[in-house]
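Hi,

Here is the structure I promised to pass on. Have a look at it first, and then read my notes below.

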Amino acid sequence: MTERDAKVELSVIIPVGKRCANVRELYDEYVSGLESVRLTREFIFVLDGPHAQVLAELEQLISEGTANVVVVCLSRSFGESTALMAGLERAAGELILTLPAYHQIDGRDVAKLLTPLESADVAIGWRWPRSGGFLERARRAVFHGMVAWVTGMRLHDLGCGARAMRRRVLEELSLYGDQHRLLAVLADRKGFRVTEVALRQSDRDRFEGVYRPREYAHLVLDVFTVFFLVRFTKKPLRFFGMIGASMCGAGVLVVLYLVFGRLVFNRSLADRPALLLSSLLVVLGLQLFALGLLAELIIFTQARHLKDYQAAEIIQYPENSARQLPHESRTAAIS
Amino acid sequence: MRPPIKLSVIVPFYNEQDSIGALHTAIVDAVAPLQIPFEMVFVDDGSKDQTLARAVELARKDHRIRVVQFRRNYGQTAAMAAGIEYARGEVLVTMDGDLQNDPADIEQFLRKIDAGYDVVVGWRHDRQDKLVSRKVPSVIANWLIGKVTGIPIKDNGCSLKAYRASVIKNIPLYSEMHRFIPAMASIAGTRIAEVKVRHHARRFGASKYGLSRIYKVLLDLMVIKTLTSFAARPLLWFAFLALPLFLIGTVALVYALTMSIVYHAATSLPIAGSGVIFLTSAFILFCSGALGELVYNLSGMREHDFARLTQRLDTRAAAAEIQAR
């Protein structure tokens with residue numbers, strides 16, 4: 001590590017995806033927003049795929065002598081989660097601030113995200129007051145209502161890209177795929193303290209056009225992912241087994257009904273499609289059940305890498321003022 | 001240099017501010033006369049009351065206490081697993097934090113471990129709980145668990161248990177396994193003993209870990225069976241599951257074909273169809289088993305690692321070997 005790295009306290013990671021604004025303008029806005037914060041900082045722009053124009057702008061910024069700006073170029077578009085993790089690898093700060101690459105929030109409010117980190121581990125931005133028509137607001141309400149129903153967490157804006165957190169959070173979560181949207185939920189599962197901070201929405205954060213069915217599919221899949229990850233990661237058979245067993249049970253009931261009809265009322269069995277339906281149900285149920293067992297086998301064989309719990313602290317007196325961090329003592333326990 | 005710790009008493013607490021002090025006194029009164037170096041590991045499972053503060057207060061006065069603090073409530077299995085992980089004794093004793101177990105029983109657990117058993121399970125033969133809501137379901141569940149796992153333990157729900165640390169620290173414990181620790185430990189071929197323990201009615205607070213739904217227990221049993229008996233041979237297990245489907249499918253298909261070929265009757269579509277469905281399904285199940293083999297093979301988990309935990313050398317052979325040198 002160079003000397004510059006050693007001094008950085010706050011790393012700002014900006015993943016530049018499909019939607020991006022004039023970086024120069026955005027950078028100036030964020031910098032002025034962070035002026036009140038007395039932390040040495042660095043800016044890490046992660047270009048998720050080729051962005052020739054953005055790259056040129058950033059190179060100009062650097063050549064003008066702006067210190068502490070790092071640009072990471074990914075060869076193709078990997079998605080925001082991967083971009084964040086790539087940024088984290090370059091980040092030197094103990095605090096991580098991720099910001100959207102377009103005018104989503106009012107730059108003047110950025111510093112507000114860092115205040116709650118004194119007591120919390122993660123602070124999630126929340127655009128408020130927020131513009132948007134009736135349909136859009138309804139869509140958001142339904143989505144966040146479903147998330148609240150599954151997780152018990154009342155969140156308002158999972159789509160907001162402005163988040164502040166301690167470095168450890170991002171390191172432990174190790175995001176992939178579309179998990180950046182679920183960061184708050186996943187962090188809460190790991191036992192981190194999560195708060196929401198209301199930020200003013202930028203005047204330029206206007207969504208033009210209509211949401212395509214694909215976006216809705218994304219939302220539904222997000223909720224399903226949360227549902228599965230939150231409830232069943234360690235007990236997959238509870239999930240697959242329940243669906244499988246009810247299908248199989250329904251199939252068996254239909255078969256019994258058919259057999260009963262055949263034996264008692266002498267109703268012909270062979271020319272009834274219900275027989276096909278019931279055997280399909282039985283078979284499908286068993287398949288699901290088998291999938292669940294396979295999933296259990298995977299969990300079992302990987303159990304040593306999965307940890308159910310995070311110990312916040314091991315407290316013991318009087319040894320060496322005795323506040324031990326969990327990862328230190330963990331190595332001791334394994335050896 | 002202090003002598004190595006012989007005994008760790010592990011207690012998970014969840015909102016037990018009233019009992020933690022009394023339990024600490026009871027443990028010390030029971031264990032101190034045994035004249036062995038011991039420690040207590042108190043795991044605070046994200047309590048919302050003063051449990052953690054009181055545990056830390058106790059730890060300040062009694063240096064044999066180690067407090068593990070969770071960031072939030074993770075459940076009893078996780079608390080037990082954390083206690084096992086952070087304990088440093090040779091023998092680990094786990095017990096409930098609600099004073100229903102009696103620390104005076106620890107001595108007989110230790111004697112059993114010294115006699116060569118790896119896991120000692122408590123049996124609340126004189127249980128102080130409600131008959132219908134707790135005792136009857138428990139008798140049925142224990143009978144079923146014994147049948148399925150092949151380990152006839154009369155009381156799986158008793159938290160008071162003792163383990164040889166070298167064995168239990170290498171057994172994977174996760175999700176809601178705390179009910180099945182003896183069964184899970186059996187994958188390492190552990191020698192299991194059972195001792196009668198005293199059981200007191202609850203003095204403080206309400207019971208937190210209530211009766212769970214039946215389907216959960218049944219599914220968990222299926223999991224335990226799969227893991228303990230067939231983890232290392234998944235293809236066999238899935239082939240066993242596929243067998244009935246295969247038989248039904250074959251019979252249906254043969255019947256439909258005979259009817260049409262031998263008797264020249266019209267082929268019965270539903271029967272031939274369901275025969276085909278059952279046969280393909282049996283085939284897919286079989287392939288799932290092959291996938292299971294792949295999973296196990298790549299996982300790096302091997303049975304002999306478990307076998308090594310409990311193996312013993314024949315003393316005469318070992319002695320002869322030493323002499324030969």
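Before anything else, please keep in mind that this is a predicted model. I'll start with the chains one by one and then go to where they meet.

Chain A splits into two domains: domain 1 covers 8–232, and domain 2 covers 233–335. Their C-alpha centres are 34 Å apart. As for how they touch, 5 residues of domain 1 of chain A are in contact with 6 residues of domain 2 of chain A. On the domain 1 side of that contact you'll find 3 nonpolar residues, 1 polar and 1 charged.

Chain B is also assigned two domains, with domain 1 at 7–229 and domain 2 at 234–301. Here the C-alpha centres of the two domains lie 44 Å apart.

Now for the interface between the chains. It brings 51 residues of chain B into contact with 43 residues of chain A.

One is a strand pairing. Strand β8 of chain A, residues 311–316, pairs with β3(B) in the antiparallel sense, over 5 bridges.

Helix α9 of chain A (residues 236–264) and α8(B) have axes that come within 10 Å and cross at roughly 110°. Because angles of 65 to 115 degrees count as roughly perpendicular, α9(A) is roughly perpendicular to α8(B). The crossing of α9(A) past α8(B) is right-handed.

Which residues meet there, in α9(A) and α8(B)? From α9(A) come Leu237(A), Arg238(A), Gly241(A) and Met242(A), and they meet Tyr215(B), Lys216(B), Leu219(B), Met222(B) and Val223(B) in α8(B). By class, the residues of this helix contact divide into 6 nonpolar, 1 polar and 2 charged.

That's what I have for now. Over to you!

Methods. Residues are numbered from 1 along each chain as its sequence is written. Chains are lettered from A and ligands numbered from 1 in the order in which they are written. This is a predicted model: local features need pLDDT of at least 70, side-chain atom pairs count only at pLDDT 80 or more; totals for chains, interfaces and linings use all residues. Domain bounds come from an automatic or database domain assignment. Two residues are in contact if their C-beta atoms, placed from the backbone, lie within 7 Å. Ala, Val, Leu, Ile, Met, Phe, Trp, Tyr, Cys and Pro count as nonpolar, Asp, Glu, Lys and Arg as charged, and the others, Gly among them, as polar. Two strands pair if DSSP finds at least two bridges between them. Helices (H or I, at least four residues) and strands (E, at least two) are DSSP runs, numbered from the N terminus. Axes are lines fitted to C-alpha atoms, for helices over the stretch in contact, and angles run from 0 to 180 degrees between N-to-C directions. Angles under 35 degrees count as roughly parallel, over 145 as roughly antiparallel, 65 to 115 as roughly perpendicular and the rest as oblique. A crossing is left-handed if the near helix is turned anticlockwise from the far one by less than a right angle, and right-handed if clockwise.
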